[in-house]
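Please look through the sequence and the model below before reading on. The paragraphs that follow take up the interface, the sheets and a few individual residues in turn.

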Amino acid sequence: MTELNLTLKVWRQAGPDAPGSFDTIEAKGINDEMSFLEMLDIVNERLINDGKEAIVFDHDCREGICGTCSLMINGQAHGPQKGTATCQLHMRKFHDGQEIVIEPWRATAFPIVKDLMVDRSAFDRIVESGGFITAETGGASDANLTPIPKPVADAAMDAAACIGCGACVAACPNSAANLFTSAKVSHLNLLPQGQAERYSRVEAMVDTMEEFFGSCTNHGECQEACPKEISIDFIALMNKDYLKSKFKNRRMLSRR
Amino acid sequence: MELNSKIPDGPIAEKWTNYKFDRKLVNPANRRKYDIIVVGTGLAGGAAAATLGEQGYNVKAFTFHDSPRRAHSIAAQGGINAAKNYKGDGDSIYRLFYDTVKGGDFRAREANVYRLAEESVNIIDQATAQGVPFAREYGGLLDNRSFGGAQVSRTFYARGQTGQQLLLGVYSQLARQIGLGNVALYNRTELIDVVVVDGEAAGIVVRDLLTGEVTSHSAHAVVLATGGYSNVFFLSTNAMNCNVTAAWRAHRRGAAFANPCYTQIHPTCIPQSDEFQSKLTLMSESLRNDGRIWAPKSPDDNRPADQIPEDDRDYYLERRYPSFGNLAPRDVASRAALVEVSAGKGVGPLKNGVYLDFSDAINRLGEKVIEERYGNLFEMYERITDESPYKVPMRIYPAPHYTMGGLWVDYELMTTVPGLYATGEANFSDHGANRLGASALMQGLADGYFVLPNTISNYLAPKLGTTPIPTDHPEFQAAEAAANERFSGYLSIGGTRSPDHFHHELGQIMLTQCGMERTKEGLTQALADIPALHAEFKKDLRVTGDGESTNQTLEKAGRVDDFFELAQAMCLDALTREESCGGHFRAEHQTEEGEAQRDDEHFAHVAAWEWTGDPGKPIRNTEPLTFDNVHLAVRSYK
């Protein structure tokens with residue numbers, strides 16, 4: 001165990017419409033076995049002891065699966081360790097005397113709630129528009145009735161691993177949500193169960209995405225930032241299906 | 001208090017079918033005339049809200065998360081049990097029922113467990129139809145693995161992320177209903193009180209976590225699916241925000257709280273690395289399929305694992321329980337680890353763990369197969385500890401994980417307050433004194449998809465034509481005023497210690513006195529210490545910030561306040577249950593070999609505690625348990 005003395009520059013903002021600024025906070029005697037969020041817990045305890053308001057940040061499971069935590073750490077979404085959410089980042093990745101700049105996700109579609117907490121409900125709007133297979137409770141046939149080749153199930157699982165944290169949007173210079181949306185679309189569009197709604201799904205989800213987020217210009221920053229290392233290949237799959245859906249949409253043909 | 005379990009008549013295999021036929025129905029055209037509140041959007045709550053929305057009811061769903069997809073169900077790793085018998089290894093609904101009753105150390109209700117086993121097969125079909133990417137064989141059919149407490153392979157899984165995938169399935173169905181306007185979602189909104197008018201659930205009082213605003217919502221029925229209370233221990237595998245507030249507030253309004261002392265300590269967590277740690281990470285029990293658990297034979301053995309020869313290792317689970325070996329149930333495996341560490345044979349820098357060793361499995365199957373099975377778990381372990389389980393054995397130690405106790409419910413999942421339901425981990429019903437691995441996901445989804453949506457109509461049907469109690473009713477007004485007062489109260493104490501500080505101290509008391517091993521002396525001590533600490537909390541709490549914007553310190557204060565009262569109920573329950581069963585181990589009640597010793601003559605019952613206004617003096621009511629199918633026997637995994 002090593003003790004680290006750090007200087008934090010933390011974004012503080014009282015509310016969605018309030019002006020924000022960086023607060024400099026000394027974090028001394030931090031055990032390097034700690035996780036990054038445990039370090040913030042200690043900083044918050046010290047702030048409360050000093051009679052100051054604790055830093056607001058989203059977090060919950062602390063095992064990298066719920067997708068609640070966020071944070072731009074020294075300009076990197078979820079910090080310096082690849083394939084790791086902030087809650088699983090450990091202080092051994094930092095060195096004594098280091099200055100750490102901590103900011104919220106920065107994107108128009110993710111308005112700041114307070115300090116480091118943002119509102120990611122635009123993601124929910126995308127899923128509500130089509131990120132499902134219509135399968136009402138009670139009507140399902142036996143699960144082994146439709147064999148699914150292992151590579152197909154594996155590919156769907158690769159996409160389904162998305163935790164919806166929003167790092168892809170935060171890392172993207174355009175604040176595009178294409179990696180998130182394509183992971184959601186591909187998970188379902190790859191599976192036999194998802195075929196009936198394949199094209200209506202991709203169309204609805206992409207159109208909803210575009211109401212909130214910027215456009216993808218293939219920078220690839222999203223893939224680098226993704227704590228689940230989801231591949232941008234899924235964006236290509238989504239674009240292919242989206243293009244097809246525009247041709248297949250017979251419903252609109254008769255009305256033009 | 002009368003505890004009528006309402007178990008239907010007939011042979012065990014026909015009870016649920018008979019019930020479903022006999023219950024009252026609500027005609028599809030009339031369902032839109034009913035409002036239902038569902039609190040919590042994990043597997044049990046999300047599935048119930050989605051299904052009730054599909055059926056045509058007006059549903060309001062509440063979560064304190066920013067999105068329903070964050071609920072802690074998402075963190076379940078290993079899998080979900082179902083009696084599909086796809087492997088043809090002798091599984092059946094009856095065997096899953098039998099294993100679950102036995103695994104629960106004969107402290108669960110037979111009829112509920114049988115229903116759970118029956119519905120388990122439907123869950124797999126339902127989830128697959130939704131697109132849950134369960135693991136598959138090369139032929140395209142579903143794969144299974146085995147789990148503790150069973151001798152068949154009946155666990156379905158999606159890599160090490162089964163809970164995540166099942167929750168995303170639930171969330172997708174819920175999102176569809178939200179999009180269609182059948183379910184209204186209230187996110188970042190926390191339940192503060194349950195309102196009861198004329199003896200029936202009338203609605204809830206909630207607090208907007210972004211603005212601090214307190215509002216009321218009324219409905220024909222209220223469903224609580226708000227999870228378990230392991231965070232009373234401060235250090236647990238639960239997510240940081242898991243709390244008992246919703247269940248506890250319902251308890252204070254008349255819902256009996258059953259078996260609070262039944263808590264599960266999960267055997268395979270990463271040991272604590274420093275005293276400030278606030279969360280323990282679980283390593284899926286599925287690892288015990290291929291990992292072998294051992295500790296050095298000598299407490300003085302400080303050699304690295306790879307330098308300890310076979311002869312100096314004690315594979316204590318294989319030695320003590322030859323037929324189940326490393327797959328002994330959780331309570332048994334946890335206590336065995338406690339025995340090793342207490343004897344000074346712990347490993348790691350703080351000597352607070354035992355080894356879970358994969359070297360045999362890697363030699364037998366190759367690293368690639370092991371990576372395929374557990375790759376993401378190994379990565380997670382390495383991120384946290386900086387050690388690779390491919391090279392050195394994992395270090396594991398038990399940690400509080402799941403709570404079998406919860407709100408008392410009858411066969412219909414209704415609490416002792418008519419119109420108030422509890423589902424999933426929030427209720428007490430199916431796991432007895434110990435839950436088997438891969439059964440929590442099963443129970444949450446069975447309750448949410450298949451049980452509650454069938455039983456709730458029996459209560460709603462006679463209410464046709466009534467409207468929910470308006471929220472300007474004096475009971476709502478009084479509850480809102482009390483809620484506002486409560487939160488402004490925390491802010492105005494102006495003491496010196498944070499909510500976390502008190503939570504940490506409470507957790508220490510609970511872990512020491514009401515953890516893996518309990519004694520009369522320790523519990524009595526805890527029952528003196530907890531109210532004293534709670535009194536200090538009320539005098540010396542410090543909450544900074546205000547109540548009109550997001551304030552996580554204030555949220556925490558309310559939750560810790562309720563944990564103090566729950567902790568007393570847990571200790572009282574543990575003290576009065578003069579036997580050892582499942583996760584409840586009283587040191588006074590053990591066999592010569594150190595195994596749990598039940599007292600079926602005096603304790604084959606559910607203890608349901610009734611609120612009296614004094615958290616130290618609740619009334620203990622009992623519901624006798626009868627075992628007509630699985631005969632009471634000493635649980636043996638030898």
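Buried area is the accessible area, found with a 1.4 Å probe, that two parts lose on being put together, summed over both. The structure shown here is a predicted model, and in this model chain A and chain B bury about 6400 Å² between them, with 48% of that area lying on carbon and sulfur atoms. To this contact chain A gives 78 residues, while chain B gives 76 residues.

On the side of chain A that touches chain B, the elements that give two or more residues are α1 (36-49), β6 (112-114), β7 (117-118), α2 (121-130), α3 (150-160) and α5 (178-189) of chain A. Which of these elements gives the most? That element is α3(A), with 7 residues.

We can now turn to the sheets, beginning with chain A. Strands of a sheet pair through backbone hydrogen bonds, either parallel or antiparallel. In chain A, 5 strands in the order β2-β1-β5-β3-β4 form an open sheet with mixed pairing, and its edge strands, β2 (20-31) and β4 (76-77) of chain A, each pair on one side only. Within this sheet, strand β3 (residues 72-73) of chain A runs antiparallel to strand β5 (residues 99-103) of chain A, and 2 bridges join them; Ile73(A) has Ile102(A) in β5(A) as its bridge partner. The helix α1(A) lies across β1 (3-13), β2, β3 and β5 of chain A, and runs at about 105° to β2(A).

Chain B also has an open sheet of 5 strands, here in the order β5-β2-β1-β9-β17 and with parallel pairing. At its edges stand β5 (183-186) and β17 (420-422) of chain B, and because each has a single partner strand, one side of each is left without a neighbour in the sheet. From one strand to the next, the twist averages 20°. Strand β2 (residues 58-62) of chain B runs parallel to β5(B) and is joined to β5(B) by 4 bridges, and in β5(B) the bridge partner of Phe62(B) is Tyr186(B).

Over all chains, the structure holds 69 salt bridges. In one of them Arg598(B) pairs with Asp105(B), the closest N and O atoms being 2.8 Å apart. This pair links distant parts of the chain, 493 residues apart, since Arg598(B) is in the loop between α15 (552-576) and α16 (600-603) of chain B and Asp105(B) is in the loop between α3 (93-103) and α4 (110-130) of chain B.

Finally, consider Arg320(B), which is found in helix α7 (residues 316-320) of chain B. Leaving aside neighbours within four places in sequence, Arg320(B) is in contact with Ala336(B), Val339(B), Glu593(B), Glu595(B) and Lys638(B). By contrast, the C-alpha atoms of Arg320(B) and Asn182(B) are separated by 54 Å, with the two residues lying 138 residues apart along the chain.

Note on methods
Residues are numbered from 1 along each chain as its sequence is written. Chains are lettered from A and ligands numbered from 1 in the order in which they are written. This is a predicted model: local features need pLDDT of at least 70, side-chain atom pairs count only at pLDDT 80 or more; totals for chains, interfaces and linings use all residues. Side-chain values use heavy atoms; hydrogens and water are left out. Contact means heavy atoms within 4.5 Å. Two strands pair if DSSP finds at least two bridges between them. Axes are lines fitted to C-alpha atoms, for helices over the stretch in contact, and angles run from 0 to 180 degrees between N-to-C directions. A salt bridge is a side-chain nitrogen of Lys or Arg within 4 Å of a carboxyl oxygen of Asp or Glu.
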